[in-house]
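Please open the structure in a viewer and keep the sequence at hand.

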Amino acid sequence: TTVCCRIIERFGFGDGKAGFDNMFLAVWRARAHVAVAESAGRIEHLLGMSPGEWFGFQANAGGQADRKTSATMVSVRVRHAISGGEIWVQVRTGATMGEVKLAVTAKLG
């Protein structure tokens, strides 16, 4: 648990139970994003759980976002401040930095 708390805090969700709650809320809010839903499903699988049992949602059939979700998504370029490496992620319009961080984490695996 200590290691998880450090990671959750490093990504800006806070520490302790509040940090876990904030992280799960960010995952829930980003659940329509295909990469988030698929990553949540992989985590549940690795934990030996059924799809949706831990996070409370599943990826859409075929791993596709529905049209309503797709229309509200934007591409965001995230650049590392020191190395200069960059990655593009899809997030919903108006996403928070926490949601962007979650999308980067999901994409990097």
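Does Phe24 count as buried, partly exposed or exposed? Select this residue to begin: with a relative accessibility of 28%, Phe24 counts as partly exposed, because that category lies between the buried limit of under 20% and the exposed limit of over 50%. The model in view is a predicted one.

**The whole chain**

Next, display the entire protein chain. Its secondary structure consists of 5 helices and 2 strands, and along the sequence these follow the order α-α-α-α-β-β-α. Of the 109 residues in the protein chain, 28% are buried. The chain exposes about 7,400 Å², of which carbon and sulfur atoms supply 58%. Among contacts with a separation of 6 or more, 30% involve residues 24 or more positions apart.

**The aromatic residues**

The whole structure holds 2 aromatic pairs. In the pair of Phe24 and Phe55, the ring centres are 5.6 Å apart and the planes meet at 45°, so the pair is tilted. This pair links distant parts of the chain: Phe24 lies in helix H2 (residues 16-29), whereas Phe55 lies in the loop between H3 and H4, 31 residues apart. Phe55 is buried, its relative accessible area being 13%.

Ring pairs join Phe24, Trp54 and Phe55 into a cluster. Trp54 is located in the loop between helix H3 (34-46) and helix H4 (67-71). With a relative accessible area of 45%, Trp54 is partly exposed.

Move on to residues 73-79, strand S1, and residues 86-92, strand S2; the two pair in the antiparallel sense over 7 bridges.

Select the connection next. The hairpin of S1 and S2 has 6 residues between the strands, and Gly84 takes a positive phi near 85° there.

Finally, colour the two faces of S2 separately. Which residues of S2 belong to the covered face, and which to the uncovered one? Ile87, Val89 and Val91 form the covered face, while Glu86, Trp88, Gln90 and Arg92 form the uncovered one.

Terms used:
Residues numbered from 1 in each chain as written. Predicted model: local features only at pLDDT ≥ 70, side-chain atom pairs only at ≥ 80, totals over all residues. Heavy atoms only, no water. Helix = DSSP H or I, 4+ residues; strand = E, 2+ residues; numbered from the N terminus. Buried < 20%, exposed > 50% of the residue type's maximum accessible area, 1.4 Å probe, protein only. Contact = heavy atoms within 4.5 Å. Areas by Shrake-Rupley, 256 points an atom, 1.4 Å probe, with all protein chains shown as cover. Pairing = 2+ DSSP bridges. Phe/Tyr/Trp six-rings, centres within 6.5 Å; stacked < 30°, edge-to-face > 60°.
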